[in-house]
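Hi there,

Here is the structure I promised to pass on to you.

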Amino acid sequence: MFFLTTAIDYTNGSPHIGHAYEKVLADVIARYHRLAGEEVYFLTGVDQHGQKVQQTAEKEGVSPAEYVATVTARFSSLWEKIGVEYDGWAETVDPRHKTCVSAILTDLHARDQIYKKSYKGFYSVRQEQFLTDRDRNEAGEFGAEWGEVTEIEEENYYFKLSEHTPWLRDFLEKSDDTILPAFRKAELVNALEKNTGADLCISRPKDRLTWGIALPFDDDFVTYVWFDALINYISFIGYSPDPTLPEFESIWTNRPVHIIGKDILVPAHGIYWLAMLHAIGFTDEKMPQLLVHGWWNRSGEKMSKSLGNIVDPMELADTFGVDALRYYLVRDIHTGKDSNFDVERLVMLFNTELANELGNLCNRALNMSVRYTEGVISPGGPLTPDDTALQQSLIDNTAAYRKAMDNHEVSMALEAINRHVVHCNQYVDRLKPWELNKNLESKGRLATVLHHLAESVAHCAVLLSPVLPDAAAKLADQVKLPKLTELKLEDLKWGLIPDGHEIVKPSPVFPRIEIKAEE
Ligand code: MSP
């Protein structure tokens with residue numbers, strides 16, 4: 001089983017393109033692994049508890065439950081609109097999740113992994129955490145990013161994180177594939193070096209926060225939102241401390257891939273989550289791999305409500321179409337790195353790579369087949385060096401695509417498809433099928449050329465299907481490629497299109513996006 005998850009989105013506001021990118025990336029990876037013949041389970045969802053949600057709901061004059069229901073619907077309807085298809089949906093207010101969190105807390109408490117102590121310190125309401133001197137800026141103050149900071153003293157429950165950090169250091173040192181891409185590992189290792197024996201506060205007193213999961217051993221407290229949220233990765237697939245359930249065992253078969261943004265590697269996933277899993281008995285072989293992606297920014301700046309520079313993915317999908325949005329989100333960023341959102345590049349990439357190159361190839365190839373050979377595709381005569389070069393381009397670029405996708409580098413995989421499409425268009429320009437059609441003796445050659453083009457369109461449709469499933473289905477339909485959804489990567493051999501296959505006049509799959517000049 002290939003089990004992958006994304007971060008669960010915080011239900012405090014509306015989804016933006018950063019959220020959409022992560023979900024589309026996960027959807028593409030899930031679809032690719034299905035295409036590779038693997039069984040896949042894709043879990044995503046929403047993170048609904050915590051102080052910020054409680055405060056926003058209060059401001060809006062509704063209950064937190066009503067508030068999160070409204071925001072949750074914004075996320076789920078976006079996923080439906082842009083074709084993000086998951087197998088499991090996690091909502092942290094779900095009783096199934098609450099039961100699991102309680103059971104884990106009870107178990108850790110009984111095993112002395114959780115203790116109570118009093119702590120006096122500076123608390124950031126916005127970030128819902130106590131701050132340390134390390135959080136002060138160069139002027140020795142807590143910066144504006146922490147919002148209101150007040151000194152408080154209170155009793156809380158702590159998870160013995162420090163008992164697990166020696167194991168974590170050792171585990172990370174031995175393991176080269178836990179943090180992906182590898183360059184992100186240094187940041188985590190540095191943070192661990194600085195972490196000298198601190199434990200993790202996992203409770204919030206109810207007089208401050210009620211919107212959370214009550215501690216099973218002390219009803220005056222609720223669970224810290226991160227401790228609650230991280231457990232979604234196991235609660236929604238049937239984990240229970242004793243005994244583990246068959247559903248869980250069938251999904252978490254080896255090392256799942258957790259897709260997260262760079263901001264939540266340290267400390268949440270890289271330290272807290274791995275330590276929590278270790279504390280509840282997960283072995284090294286079962287530890288997740290953390291695929292850490294970069295951020296979509298605007299003109300180099302973080303997107304935020306306060307800066308008013310948020311990009312709404314729903315609006316983009318309505319204006320430019322789902323294909324253009326999905327394509328752009330995984331095409332114009334390298335997994336792990338940041339990128340700047342730029343609507344002009346969205347339009348440009350769609351128009352050049354999809355409308356002009358692939359769309360053009362498909363239209364030309366199929367129109368000429370309809371016109372010159374009555375839509376009948378047949379291999380024709382002997383192969384020339386041009387044909388074998390085209391077949392080699394397909395072999396090489398399919399291999400490059402697979403290598404890139406296996407490394408979760410979707411942008412590079414799309415580049416490989418484009419290289420082959422460009423090769424095909426140059427093949428058309430060089431071999432001029434319209435000239436070949438003029439002479440009876442070159443009809444065999446014409447058939448071969450058109451066959452190479454139709455075959456290429458069929459392969460490209462399959463390779464593109466994880467990123468653009470609907471467009472790929474249309475392309476496959478136009479070359480009458482049977483059962484696109486049942487095809488696997490290993491079926492991608494020359495000869496997808498049977499001899500004598502008939503096609504009909506194509507209609508454009510990627511109509512150019514025309515931007516109307518402002519009146
Ligand atoms: N609720 C927590 C995650 C809990 S996981 C157990 C959270 N939520 S979030 O809504 O703030 O972010 C959800 C995901 O979106 C995170 O992986 C985050 O990195 C990602 N992104 C948020 N803004 C982003 C961009 N501007 N660009 C790309 N991804 C970004 O963190």
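This is a predicted model: local features need pLDDT of at least 70, side-chain atom pairs count only at pLDDT 80 or more; totals for chains, interfaces and linings use all residues.

Let's start with the helices. Helix α1 (residues 17-35) and helix α14 (residues 385-406) have axes that come within 11 Å and cross at roughly 125°. Angles over 145 degrees count as roughly antiparallel and 65 to 115 as roughly perpendicular, so α1 and α14 are oblique to each other. Their crossing is left-handed. Where do they touch? On the α1 side you will find V28, Y32 and L35, and these meet Y401, R402, M405 and D406 of α14. Sorted by class, this contact has five nonpolar and two charged residues, with no polar ones.

Now the rings. The structure has 24 aromatic pairs. One of them is Y157 with F217, an edge-to-face pair with 5.1 Å from centre to centre and 65° between the planes. Y157 lies in strand β7 (residues 149-159) and F217 in the loop between β11 and β12, so this pair ties together parts that are 60 residues apart in sequence. Is Y157 buried or exposed? Its relative accessibility is 7%, so Y157 counts as buried. F217, at 23%, is partly exposed.

F248 and F282 also pair edge-to-face, with ring centres 6.1 Å apart and planes at 80°. F248 sits in helix α9 (residues 246-251) and F282 in the loop between α10 and β14, 34 residues apart. Both F248 and F282 are buried. Together with F3, Y41, Y239 and W252, they form one aromatic cluster.

Enjoy exploring!

Methods:
Residues are numbered from 1 along each chain as its sequence is written. Side-chain values use heavy atoms; hydrogens and water are left out. Axes are lines fitted to C-alpha atoms, for helices over the stretch in contact, and angles run from 0 to 180 degrees between N-to-C directions. Helices (H or I, at least four residues) and strands (E, at least two) are DSSP runs, numbered from the N terminus. Angles under 35 degrees count as roughly parallel, over 145 as roughly antiparallel, 65 to 115 as roughly perpendicular and the rest as oblique. A crossing is left-handed if the near helix is turned anticlockwise from the far one by less than a right angle, and right-handed if clockwise. Contact means heavy atoms within 4.5 Å. Ala, Val, Leu, Ile, Met, Phe, Trp, Tyr, Cys and Pro count as nonpolar, Asp, Glu, Lys and Arg as charged, and the others, Gly among them, as polar. Rings of Phe, Tyr and Trp (its six-membered ring) pair if their centres lie within 6.5 Å; planes under 30 degrees apart count as stacked, over 60 as edge-to-face and the rest as tilted. Buried means under 20% relative accessible area, exposed over 50%, partly exposed in between (1.4 Å probe, protein chains only).
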